Each structure stands twice: as structure tokens, then as C-alpha cells.
Amino acid sequence: MLFPPLSRPLLRWLQLLFFLDLHGPTCKTLPPKLADETLTELPFFPYTDCRLAGYSLPPKPDSLCDLCWDGALGAHAAWLFDAADGDQERKKWSYWASQKKLQSNANKGCAWCRVVYWEFSSFLHIHERQPVCIDVEVGLHFGDGAPPTGMHMMTIHYNGRHGRRYAYALNDDHPAASSTKTHTPVLDVGSPRASALARDVFEECKDGHELCREISIPVEETLLPTRLIDCTNPNRPRIVRTAGQRGQYITLSYVWGGDQLHKTTRSNLATYEHGIDLDLLPQTICDAIRATHQLGFDRLWVDSLCIVQDSEMEQQHEIGYMHNIFRYAAFTIVAACAESAADGFLHDRQPSPLKGPETVPILCPQAQSTAELQLGTLTIYSDSRLPHSVEYEGMRADERTSQRAWCLQEELMSPRSLIFTHKMLLFRCQTTTRSIGASYYKYHPDVEHYRLPRTLLVRSPSPPEHGTPEWYSLHKTWWRTINDYARRAMSQESDKLVACAAVAEAYHRVLRSDYLAGLWRHSLLADLLWISPNSECRRVAGFRAPSWSWAAVDGRLTLDPWLQVTNIVAEVIQCSVTLKNPSLPFGEVLGGSVILRAPLLRLQLSRGRFQFEPEQEATAGPIPWYDMKWIAYYDDCNDSAQADVAQWAVPFIRCTSPSPQGLILVRAHADRPASAGSKPLYRRIGCFAALKFRNFVGLAHLRVGETNNEVPLHDIEII
């Protein structure tokens, strides 16, 4: 050995003198001539005295090396719990190791050395025998997926320069687990324990969240849906008629995954009112009945059972009431992980199969016995490997409900949701999203704020004035909802407008504007400029909506046009739709048209660029061509391939940007001869944007009028 054993005071003096800064991890590399074999003789250096004095250590577990057992995870384990009682001051400690020593110990089974070596070996390129100072900083973290009480985080630094953030949580087998802030995810989501934890979170929300209380309806005023499932006896549920009663109930949001043989019909309704054989029901509904009972509720709403499926009259009535069914439920059970109704959602979850998390043994410094400490386990998650929550807008494609159209409005209209994901159990309300069991979850920064505006959920909303920031904000959230909704699939193509009718009705209560097949009358010019990125959408074969409505196509689209621009050169003269059922103003349509007064420019490809040629009318002089660089956003890739079909551009605004500026049209019924004196009808096939190209500024200087060198206006009817 190069150095004789040193006393603890001398070691601490050397530590403070040469290597450590009490205010941050600035430990420097040991002198090069310090041999690797001496590292096992050096203890770690805590910033606080956290040795478990007066205790006898139990036998060392096989998953820790001698160095870790004598240091941070054994004899000095108290460092990890300094913040357990709400102390937000960050605690730090350091020790020395080398790549060779860490790799050797990790290969021998030391769980902590394995955690350190993961990141150490990936970005710190030094000689394998060169000593490295490892600084570990711990403390409480709030926000970004943490439980309301905060969560334990640690950062590991190497030579004071590189750092990786980790979350850590005590497992339930640890004696101190009940006193810590963060726990591992609840995996037995169908257990009475999980239900009790979920019920506690629900009660906390109901009593403690001001915003959630503000939008809630008192139980005694909540009108129950027409039918509910009585879950008082979960082994023999039955359908009950509510007959105008008031009370509390919960709803189920799930994916059918095909026709449901168990569904309520006129022929089995009477039988179901006496009792339903659980063997007839798919697993997801069986699980929902069981969960309802365990959560302390006795009434559940499930669409396939509570709506008579072969009665069109009842279906139309219940669809018209759908916004209230989910809006007034105590909360909604979301079977996010179930691929179909047959799969269920209460099965135990599996631990993450990724390289992390790592389970590490650790002593409990809060054991009651002074004779011997108890051993538990600690789970450590790399920040990039944390369990992900249910996320929106394509970021949670692994959750089945995020892919289905009907499920979106069920989630948005619900004041609270208990979400059974593939990995964990989440609770989401209008105030926050949190895991059940105080575990950490990770979400995209925008996800937490993706909710319907508060004004849509209050009982008596105050409509914002036209043109105010609140008015613009409402439209932006509507567009965001449609952006998410449009990419989702549905079994019946005709449901495109029906499956978002509840959300549309909620916006209508506040916007007070006519709803025109997915667009709003008072922002119609802006709403018409939805686009299909890269022509990804598919236009349905039969009629579902007018060509100018986003409901006429399936696939991902973007609806984020202008609302506050000037230099508008188009005007809406008339717009109307024909409803399939006049009592459902937000449902299916049989037809519709919009008449615009705007320039009509013929498109022609020339020299690799498109040219705009005004549609000729009697004018006082020649009208110039507009030769420019431009972008076409076709609704369907088949539309862009029709080079031999005459196309027209209808500019809405004068500008030069990639944002949509007008529509691309073709003649509707081009194969039919036009009757004498009748004006042609057009249909939409996309949008365009004119860009600045060299010395040309697109449509920025478009001249509109009836004099020389001006483009005339036309009344253009689009169907």
C-alpha cells in the first residue's frame, strides 16, 4: 500500500482541503500515482455525518460490493433520507473509484456500481485505472410529473463535470417506505390496495382542488343517465332505469375492437334488468364492474350496455346527451391499455423491461430496533428511462384509447379520469395529473396543459367578446383538439362528426357561433385553411361532409390558420349545411356549400413553377400572370397526381409565407355538361401558399378590382 490507514478526521480534512466544495460537486482527480488497489481502502466522504452509529449491520447482501456496503448503502445509508421529511436542501457525498473497479464490481453483481458504471463508461473516456471522483447529490424535486409532495432525485457527477439525473424510490418492502415521498409504480392495479389509493386521490381532488370544485355539480343535482349498471353485487350486475333520479355514477371509456355480442338490444333488455351473467361480458366490462365496486361506487355507465343498440331513436337521443353523461360523472375509468373489450385492464403490470430501473439493497436508518437494522430495496430510474404517462397528440401511441376517435371526447369531457395505462395507474383532473401510489411518471411538457378550457366546463359560461385574447385562445384549443382527433380511427366512417359532437357542443355554448360541418361561421375563412401535411389524408369514397370540411378526409391534418391578419381579399357570401337529423346540429350532414367572393386564378405549370392566370372576364385591359414559387398542400395524394385536371387557386389573403393563403379547387361534376346560364360548382382538393422567389413577392401585391390590370372577383360556390 502506498499510504498507511488514515484516521477519519484526517481524511475529512484532506477531503475539504483538496477535493470538495460544500456548495457543489467540484471534486478533482486524485494524483496519478495513487494506485487503483488503494481505492477500496478509502471510504466515501459524506457532507453530513450520516453514519448509523450504535447499530449492528446485518450480513452484506450479495448484490452490493464491500465498498458500497461500508459506505453509502450500508453503514452510511442515512444520507439518502435526509430530505424525507420535506427538507429541500440538497445533500451531497463523494467517493473515489475507477472504471476498472466499477466494471469489476458491477460484473460481480453490485447493483449500485452497475448504476454508476452505465453512464460512467458511456461518456467519460479515461484510462481504466485512473481514479475518478464520484459526487452524488440528492434532494426533493417538485413539478414535471412528481407527486404533489415532491419526489426524490439524485444527480451523479464524475470529476465534477458530467452529471446524470436519477429518480429514486423506496420499494414497499423497505421499513421506511411509508415515510418517503416517492414510491415505485403500483403494479397490482386491480388490488383492493390500488383501489383504496385511487379513492383517496379522488377524495383529495373533490375536497381540495378549487378549480375541480368550481366545475363540479353537486351530487343531489346530478341527473343520472337513462340507464346504468347496478354494481352493488359485482357477481350479478344488472341494468337499472333511473327515471329522472339524481346521484353519483362513473363511466367507462374503452375500445370496442369489433361488434359486441353482449350488447343490449330490445330482445335482451328485460333479461339484463334482472341480472347479467358475467360469462356473457367481455373482460374489460367485467373489470370495470369490479373496479367500480372496489372504488366504493355502485353505478356504472357503459355505452354497449346502457344504450339499446338496435333502437335508432334511443341511440340518437343518447348521442345528443353524450356531453352530459361524461361531463357529470364522478370520474371516468379509462381502459387505455386494452386493445379491445375482450382484453381487460386489471391485470398486474410488469416491471419495466428496459436496462433501468435498477433495484439496489439499502439499510433503513429509521428502524425501531437499536440492535439491528433492517434491509430493504431502492429503485433507481435514469431520467430518460422513467415510466411514461398517458400522453396526447401521437406521443402515446402505445395506449389504445389514444388511437380511437370516440375516446378523445370521453377523456376531454370527463372532469376526472382514472387511467389504466400499460405501465401504471394515473389520476387526471382539471388541476393536475398524478400517479396512484406517489410514483414518478414522465410526460411531454405540453401534455399536462392539454385540457378543455375552464370556461367550457362551468355551468353558466360567459362567452368572450369577438376578437379578444380569450376568443383567440378558445379557437386555438379547438384547432388543437381537431388536430389530435383527425388522426384517430373509427369503425364507422359516418361517425366522423358524431364522435366529436360532445366537444363541439361544449365549444358552441361559449362561442355562440353556427357549427358548419366542423367549422365555425364567425371564423370560417380561417377554418377553411386546414391542411394535410405531405398529402397524408385520404378522401372517403362516399359523401360524409362537404369537400371544404376537414371531416371529408381521414388522416393527420393541421388546423392552425390565421385569425388576426389584414389584407384579406376574400369574403364569405353564404354557407349552409343540410343536417341528417335536425335535432342533432353537431352530427351527420347530408350536404353543404359555401359561396366565396374572391379572385379565381387558373393554375398552370411552367418552367418548374406554377403560374396563376386570372379567370378571364370582360375587363378594360389585359390582366397579368402571377409567376411564383409556391407550395401546394393537397388533401389527398391522388389529387396531386391529377396533372391533367384543370385546377384553380382562390387567394384569401395577400402575404408571402409557408402558411396557407387560399384554396385549390377543381370543377365538381366535371364529367357533366353545365346547363345554360348556370355557374360552375367547385370542390376543394387542397390549399396553397405563395412564397417570395427572387425579386417576386408572391401574392403580396395582388391587385383586385374591376379596372385595368386588376384581378376581378367571382362568386365561387364550393360543395
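Student: At what angle do helix α13 (residues 469–486) and helix α14 (residues 501–511) pack, and how far apart are their axes?

Tutor: In this predicted model, α13 and α14 pack at an angle of about 170 degrees, with their axes 12 Å apart. Axes are lines fitted to C-alpha atoms, for helices over the stretch in contact, and angles run from 0 to 180 degrees between N-to-C directions. Local features of the model need pLDDT of at least 70, side-chain atom pairs count only at pLDDT 80 or more, and totals for chains, interfaces and linings use all residues. Residues are numbered from 1 along each chain as its sequence is written, and side-chain values use heavy atoms, leaving out hydrogens and water.

Student: Which residues make the contact, and of what classes are they?

Tutor: Contact means heavy atoms within 4.5 Å. From α13 come W471, L474, H475, T477, W478 and T481, and from α14 come V503, A504, Y507, V510 and L511. By class there are eight nonpolar, three polar and no charged residues. Ala, Val, Leu, Ile, Met, Phe, Trp, Tyr, Cys and Pro count as nonpolar, Asp, Glu, Lys and Arg as charged, and the others, Gly among them, as polar.

Student: What makes helix α12 (residues 405–413) mostly covered?

Tutor: Eight of the nine residues of α12 are buried: A405, C407, L408, Q409, E410, E411, L412 and M413.

Student: How many strands form the open sheet, and in what order?

Tutor: Eight strands form it, in the order β7-β6-β9-β8-β10-β13-β14-β15, with mixed pairing. Helices (H or I, at least four residues) and strands (E, at least two) are DSSP runs, numbered from the N terminus.

Student: What makes β7 (238–241) and β15 (433–435) the edge strands?

Tutor: Strands β7 and β15 each pair on one side only. Two strands pair if DSSP finds at least two bridges between them.

Student: How do you know which strands pair with β13 (416–420), and in what sense?

Tutor: Strand β10 (residues 332–334) and β13 are joined by three bridges in the parallel sense, and T332 has S417 as its bridge partner in β13. Strands β13 and β14 (425–429) pair in the antiparallel sense over five bridges, and F420 has L425 as its bridge partner in β14. With four residues between them, β13 and β14 form a hairpin.

Student: What makes β13 mostly covered, and which helix lies across it?

Tutor: Five of the five residues of β13 are buried. R416, L418 and F420 point one way, whereas S417 and I419 point the other way. Helix α5 (residues 192–208) lies across β13, β14 and β15, running at about 15 degrees to β14.

Definitions and conventions
Buried means under 20% relative accessible area, exposed over 50%, partly exposed in between (1.4 Å probe, protein chains only).
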